[in-house]
Amino acid sequence: MQSWRRRKSLWLALSASWLLLVLLGGFSLLRLALPPRPRPGASQGWPRWLDAELLQSFSQPGELPEDAVSPPQAPHGGSCNWESCFDTSKCRGDGLKVFVYPAVGTISETHRRILASIEGSRFYTFSPAGACLLLLLSLDAQTGECSSMPLQWNRGRNHLVLRLHPAPCPRTFQLGQAMVAEASPTVDSFRPGFDVALPFLPEAHPLRGGAPGQLRQHSPQPGVALLALEEERGGWRTADTGSSACPWDGRCEQDPGPGQTQRQETLPNATFCLISGHRPEAASRFLQALQVLAALQEMSPARVLALRQQTQFLWDAYFSSVEKVIHTTLEVIQDRIFGTSAHPSLLWNSPPGALLALSTFSTSPQDFPFYYLQQGSRPEGRFSALIWVGPPGQPPLKLIQAVAGSQHCAQILVLWSNERPLPSRWPETAVPLTVIDGHRKVSDRFYPYSTIRTDAILSLDARSSLSTSEVDFAFLVWQSFPERMVGFLTSSHFWDEAHGGWGYTAERTNEFSMVLTTAAFYHRYYHTLFTHSLPKALRTLADEAPTCVDVLMNFIVAAVTKLPPIKVPYGKQRQEAAPLAPGGPGPRPKPPAPAPDCINQIAAAFGHMPLLSSRLRLDPVLFKDPVSVQRKKYRSLEKP
Amino acid sequence: MCASVKYNIRGPALIPRMKTKHRIYYITLFSIVLLGLIATGMFQFWPHSIESSNDWNVEKRSIRDVPVVRLPADSPIPERGDLSCRMHTCFDVYRCGFNPKNKIKVYIYALKKYVDDFGVSVSNTISREYNELLMAISDSDYYTDDINRACLFVPSIDVLNQNTLRIKETAQAMAQLSRWDRGTNHLLFNMLPGGPPDYNTALDVPRDRALLAGGGFSTWTYRQGYDVSIPVYSPLSAEVDLPEKGPGPRQYFLLSSQVGLHPEYREDLEALQVKHGESVLVLDKCTNLSEGVLSVRKRCHKHQVFDYPQVLQEATFCVVLRGARLGQAVLSDVLQAGCVPVVIADSYILPFSEVLDWKRASVVVPEEKMSDVYSILQSIPQRQIEEMQRQLFMEPARRENWSAANHQMNSLIWPREQWDSQIINDRIYPYAAISYEEWNDPPAVKWGSVSNPLFLPLIPPQSQGFTAIVLTYDRVESLFRVITEVSKVPSLSKLLVVWNNQNKNPPEDSLWPKIRVPLKVVRTAENKLSNRFFPYDEIETEAVLAIDDDIIMLTSDELQFGYEVWREFPDRLVGYPGRLHLWDHEMNKWKYESEWTNEVSMVLTGAAFYHKYFNYLYTYKMPGDIKNWVDAHMNCEDIAMNFLVANVTGKAVIKVTPRKKFKCPECTAIDGLSLDQTHMVERSECINKFASVFGTMPLKVVEHRADPVLYKDDFPEKLKSFPNIGSL
């Protein structure tokens with residue numbers, strides 16, 4: 001009994017002390033969970049929760065799958081997006097076909113010329129039924145001629161309303177599902193991915209061609225103003241690097257003084273221009289607030305350099321003429337239709353731009369001659385020789401042997417383009433030889449034949465005469481300049497004051513701007529450009545006046561590259577003995593070609609003169625040097 | 001020790017009945033209690049010392065202890081989302097202030113638990129994912145704990161899944177945040193918007209001007225340039241690590257792995273499978289799995305069981321089809337597996353589409369063309385597919401890049417929250433924004449490719465002329481001859497003499513030759529070779545002619561022609577004598593070659609034209625220690641310049657005219673063979689050194705040089721533009 005009681009009290013004491021212990025311990029444990037107040041000044045990040053492991057996921061596995069219901073609908077009936085308002089089923093086949101509503105009544109000259117330019121383009125179709133896009137021009141704001149609802153309107157489905165100039169007609173009908181391309185659309189009405197935002201075009205904007213960018217040097221001139229501000233009434237104010245004394249806290253004590261800014265009427269020569277949209281009066285406040293100057297000063301020279309060049313590229317590629325603006329709009333819509341085979345963004349954003357890098361040719365940048373360096377790739381080491389045999393139709397046996405002798409030659413294509421029957425026997429060559437029976441048209445020479453397997457083409461005329469080492473050296477040079485034409489014989493253009501037009505000469509001068517395509521290396525992409533991007537009228541011109549074809553090809557390449565072609569050395573004696581070009585210019589027995597007229601017609605169609613002159617020739621490193629012939633790799637180039 | 005005293009007070013009642021033997025128990029007991037107390041006392045200090053040595057600045061507490069906030073039923077509700085909001089109308093940039101690092105600052109509100117008048121909670125306090133997300137922000141450079149410095153505010157109210165919250169009350173909770181101000185500069189994250197039956201594509205919680213980073217935006221709800229579209233988090237991607245798989249053909253051409261598809265869509269897909277056989281695989285939920293197998297990790301086709309997400313790696317294209325919601329978590333799985341997503345969800349705004357070029361990594365097919373999807377995919381060339389696959393692999397690479405700070409979170413989504421901050425950052429500081437290419441180009445493409453800083457094809461006008469920069473030390477007589485010769489070149493517009501001798505003053509003004517263009521003398525602080533390539537403010541033209549003070553043999557025609565050639569190649573080095581680098585197979589290293597070869601890869605800068613931008617690059621952007629090496633060795637500055645230009649442009653030099661060497665009249669006496677050989681060894685060493693610093697051999701070899709069009713042609717000399725082109 002006693003021991004039981006003793007044991008009882010013992011247990012009591014034990015449990016009491018343990019209770020105490022637990023109480024005290026628990027208290028301190030609690031304190032552990034709630035640490036003392038954070039020390040002042042210490043950074044408090046997001047807490048690491050002790051029970052973070054126990055948190056539940058935001059969605060339970062069973063919750064994720066949902067049954068599809070009808071696709072999300074527009075909140076208000078008027079809004080459109082690409083999927084819901086454009087019917088791509090009409091656009092199967094060869095891309096975007098555009099029908100343009102003919103103008104009603106009297107129209108302005110601009111309107112007529114824009115219509116003509118679309119009609120001449122590769123997008124045009126004459127039947128509204130076959131068209132995938134119906135284009136409604138809404139142009140002549142000041143004449144008061146407002147278009148009424150067109151016939152095939154169909155609530156505006158697959159329609160594009162093009163407003164080139166502001167102050168459009170009052171809406172005579174609901175735009176509905178039609179896309180709108182206009183300048184400065186408002187955020188409320190603009191439907192991203194559906195409407196197209198255009199640049200604001202002045203009335204006098206050139207229809208085609210357009211002035212080239214005014215940048216004459218890559219980097220800014222030292223000493224020119226850093227920033228020009230647009231002011232009211234079209235004036236400009238320039239601010240210098242010294243005028244940015246405001247701290248970055250949202251306000252300046254005072255305006256940059258008049259001593260540091262200058263007022264000018266015309267667009268000044270400054271590195272940056274601040275455009276403030278519709279509110280020029282806000283510009284100076286904006287400047288204070290955002291400290292544009294400070295930001296610009298911080299910008300590295302590398303970035304300024306890149307920005308300057310990009311402005312010029314964008315202007316030249318998409319902005320400089322009404323025609324470019326319209327074609328860009330159509331190209332944007334075509335890219336939406338093409339989906340996976342649209343232009344990659346690189347093609348849009350680096351020279352020569354998406355209008356000149358056709359996505360129908362390829363969507364891989366490395367297939368084009370322009371992006372080898374960006375892609376870290378090189379042009380392949382083989383070429384295809386394309387020999388055009390026009391009248392009188394002698395198989396060019398010697399030429400075939402000389403070309404086939406080049407280690408870089410992959411194949412020879414003979415384009416038989418005369419009335420005589422195809423010879424049945426062709427010389428044995430180390431490379432495959434294919435004969436194509438042509439259509440007797442000169443423009444056939446630049447057709448993108450699927451049989452051409454290499455990037456490089458050596459274009460030849462049956463009467464051309466080249467040696468193997470000339471071919472080898474010229475091809476090596478082409479590999480260094482794959483976007484240009486590399487040729488042996490040259491000609492030049494010049495401004496003829498007497499006739500007030502462009503002239504053409506094949507005489508040997510100190511400079512040249514064209515190479516003859518009867519013996520020239522170039523990228524096969526130019527065949528695609530020639531055939532698919534030139535207006536039909538120009539290709540017809542080439543067929544009617546065969547000597548024009550050289551000029552035309554040189555125009556295309558120069559318009560794309562903005563660079564002159566390259567000349568390589570050519571055996572002298574043959575140059576004088578055998579004329580390379582059929583009926584080519586120079587002191588030849590044949591009558592001189594109607595080149596001057598042709599060059600002017602082509603220049604008019606391009607809207608500007610893209611040809612550029614070069615004063616150099618690329619020779620082998622030891623060319624005609626007084627050193628041992630044994631040292632020279634291309635010694636046969638120098639043989640008299 | 002208050003507790004033990006208390007014990008002792010209770011104690012005396014027991015003690016009289018105690019025997020000595022029992023006393024031992026109590027002493028033992030007491031000691032235990034005492035020990036326990038000491039232990040707990042120590043315990044009070046011990047964990048704190050651990051904490052302060054490790055994470056002294058991070059709170060450790062339980063989520064159950066967060067303060068509770070009662071929301072009265074009539075507390076204010078924000079306006080519905082304002083659809084017309086744009087950065088310039090609804091966002092207050094002034095709060096973002098000037099930040100030298102051009103990073104916006106993000107503040108996170110403290111976590112609270114919101115209850116209504118009846119004490120019923122408004123939502124789950126916080127989900128695992130949202131906690132991790134906030135942790136990621138808190139660990140990033142964007143985070144600030146100073147509410148007054150913040151530009152963006154992130155509420156800790158978890159709205160990732162709309163279904164788990166009470167809409168009205170959540171909105172009320174938002175409205176009482178201390179800096180709410182109609183939601184200005186507040187950023188909300190939501191992944192599962194909408195709810196049955198109509199499933200809105202954006203969060204239904206009224207949020208006024210707050211920015212929304214949402215998964216599953218449609219073109220109707222997405223505010224272009226304001227909201228940010230984010231991917232829907234997939235728990236699987238976080239758990240499973242898939243092995244990397246290179247581009248190339250896969251076993252299946254097209255695969256659909258989603259469960260819970262709408263029956264109509266499933267029919268369409270199954271029709272494709274019937275039509276195209278083995279190359280199409282349509283998977284579904286597994287119905288007959290044994291117990292214990294995680295059903296989310298398995299997919300079935302008839303009776304065949306596949307591991308998910310591993311099976312995604314076996315397909316070239318994977319279907320990402322919309323459900324009731326546009327954003328689907330499967331997109332994350334598919335991206336991780338390197339399968340090209342085929343997105344079939346009309347009007348869906350793809351994640352981060354503001355900066356990511358989805359054209360390069362996915363195929364978007366309209367819903368109405370679903371039955372044609374196979375032929376659409378077949379029309380894509382294999383090379384383009386491989387490019388897309390490569391583009392997908394860049395995603396993990398970038399992920400690591402961005403998640404360096406919080407690599408313990410190996411999930412697909414959280415580092416991207418930092419992308420959100422970066423995207424908004426780009427909008428606020430557009431001039432410091434990351435370019436489209438930087439967002440989209442995989443590092444692999446960058447390697448070997450160049451982006452030429454002078455990419456615009458442009459022939460500068462001849463009228464601009466060039467600036468000749470003569471580096472000199474003390475050869476005054478020779479210098480004056482060079483000045484006289486160079487001044488005869490028609491296109492010279494300015495002459496700059498860099499006086500590199502600190503011990504001697506340049507000659508007096510009156511002694512200098514009188515020339516027709518401005519002549520300026522710059523004195524340098526130190527006799528360094530790199531002074532010749534400094535971007536002096538005095539250089540006003542783009543073209544620079546670097547010329548040594550002993551180069552007197554170049555003719556005026558030769559120099560003028562060199563300038564004309566530079567105009568046609570303004571992004572290249574245009575020089576006279578050419579040099580070559582060769583691989584020495586015996587020594588296994590690069591060798592410098594000055595023999596008369598058929599090839600060139602460098603030009604000497606003893607006389608060379610180049611764009612003045614390269615002076616800036618040489619002085620400020622030369623990689624590694626090359627500049628110091630050149631100054632220390634007093635040699636190879638020209639090789640360094642050749643490396644620099646070739647590396648940045650990817651182009652070869654242009655050698656003009658037959659000139660093979662600069663004959664230096666004064667040095668004929670010491671022009672011995674041994675000197676020549678040490679020179680060659682030193683130059684070879686430079687090439688090897690520079691190639692290792694650049695990590696590659698940037699020099700390009702060509703076999704051509706530039707001559708005047710009529711050079712050595714049979715043509716009357718007096719009619720040639722450059723008759724006196726000089727000798728070797």
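This is a predicted model: local features need pLDDT of at least 70, side-chain atom pairs count only at pLDDT 80 or more; totals for chains, interfaces and linings use all residues.
View 1. Helix α18 of chain B covers residues 637–649. At 1.5 Å a residue, its 13 residues should span 18 Å, and the end C-alpha atoms are 18 Å apart, so the two values agree. Eleven of the 13 residues of α18(B) are buried, so the helix is largely enclosed by the rest of the structure. Among the buried residues of α18(B) are B:Glu637, B:Asp638, B:Ile639, B:Ala640, B:Phe643 and B:Thr649.

**View 2. B:Cys636 has a positive phi in the loop between α17 and α18 of chain B.** Helix α17 of chain B covers residues 626–633, and B:Cys636 is placed in the loop between this helix and α18. Phi of B:Cys636 is near 70 degrees, a positive value in a residue other than glycine. Most residues other than glycine have a negative phi. Because its relative accessible area is 0%, B:Cys636 counts as buried.

**View 3. B:Arg182 also has a positive phi, in a loop of chain B.** The loop that holds B:Arg182 runs between α5 (167–175) and β6 (187–190) of chain B. Phi of B:Arg182 is near 60 degrees, and this residue is not a glycine. B:Arg182 counts as partly exposed because its relative accessibility is 41%.

**View 4. B:Phe690 belongs to the largest nonpolar core.** This core has 180 residues, and those that touch the most other members are A:Phe383, A:Ile412 and B:Phe690. Helix α14 of chain A (residues 548–561) gives the most to this core, with eleven residues. Leaving aside its neighbours within four places in sequence, B:Phe690 is in contact with B:Ile626, B:Trp629, B:Val630, B:Cys636, B:Ile639, B:Ala640 and B:Phe643. Of these contacts, B:Ile639, B:Ala640 and B:Phe643 are also listed among the buried residues of α18(B). A second, separate core has 93 residues, including B:Val66, B:Ile126, B:Tyr233 and B:Leu321.

**View 5. A:Phe370 and A:Tyr371 form an aromatic pair.** Over all chains, a search of the whole structure finds 47 aromatic pairs. The ring centres of A:Phe370 and A:Tyr371 are 5.7 Å apart and the planes are at 80 degrees, so this pair is edge-to-face. A:Phe370 counts as buried at 15% relative accessibility. A:Tyr371 counts as buried at 0% relative accessibility.

**View 6. A:Phe473 and A:Tyr634 pair across parts of chain A that are 161 residues apart in sequence.** The centres of the two rings are 5.0 Å apart and their planes are at 65 degrees; because edge-to-face pairs have planes over 60 degrees apart, the pair of A:Phe473 and A:Tyr634 is edge-to-face. A:Phe473 lies in helix α11 (residues 468–480) of chain A, and A:Tyr634 lies in the segment after β21 (616–620), so the pair ties these parts together. A:Phe473 is buried, at 1% relative accessibility. A:Tyr634 is buried as well, with a relative accessible area of 6%.

**View 7. B:Tyr308 takes part in a cis peptide bond and lies under a charged side chain.** The bond between B:Tyr308 and B:Pro309 is cis, with omega about 5 degrees. Most peptide bonds are trans. B:Pro309 is found in the loop between β12 (304–307) and β13 (315–321) of chain B. B:Arg299 lies over the face of B:Tyr308, at 4.0 Å from the ring centre.

**View 8. A:Pro351 and A:Pro352 are joined by a cis peptide bond.** Omega of this bond is about 5 degrees. A:Pro352 is found in the loop between α8 (345–349) and α9 (372–375) of chain A.

**View 9. A:Arg445 sits over the ring of A:Trp388.** The charged end of A:Arg445 is 5.8 Å from the centre of that ring.

**View 10. Chain B is shown as a whole.** The 728 residues of chain B are 58% buried. Chain B has 19 helices and 26 strands. Of the contacts in chain B with a separation of 6 or more, 75% are between residues 24 or more positions apart. Chain B exposes about 31,300 Å², and carbon and sulfur atoms supply 53% of this area.

Terms used:
Residues are numbered from 1 along each chain as its sequence is written. Chains are lettered from A and ligands numbered from 1 in the order in which they are written. Side-chain values use heavy atoms; hydrogens and water are left out. Rings of Phe, Tyr and Trp (its six-membered ring) pair if their centres lie within 6.5 Å; planes under 30 degrees apart count as stacked, over 60 as edge-to-face and the rest as tilted. Buried means under 20% relative accessible area, exposed over 50%, partly exposed in between (1.4 Å probe, protein chains only). Helices (H or I, at least four residues) and strands (E, at least two) are DSSP runs, numbered from the N terminus. A charge sits over a ring if NZ of Lys or CZ of Arg is within 6 Å of the ring centre and within 35 degrees of the ring normal. A nonpolar core is a set of buried Ala, Val, Leu, Ile, Met, Phe, Trp, Tyr and Cys residues joined through side-chain atoms within 4.5 Å. Contact means heavy atoms within 4.5 Å. Accessible areas come from the Shrake-Rupley method with a 1.4 Å probe; for residues, only the protein chains shown count as cover. The expected span of a helix is 1.5 Å times one less than its number of residues.
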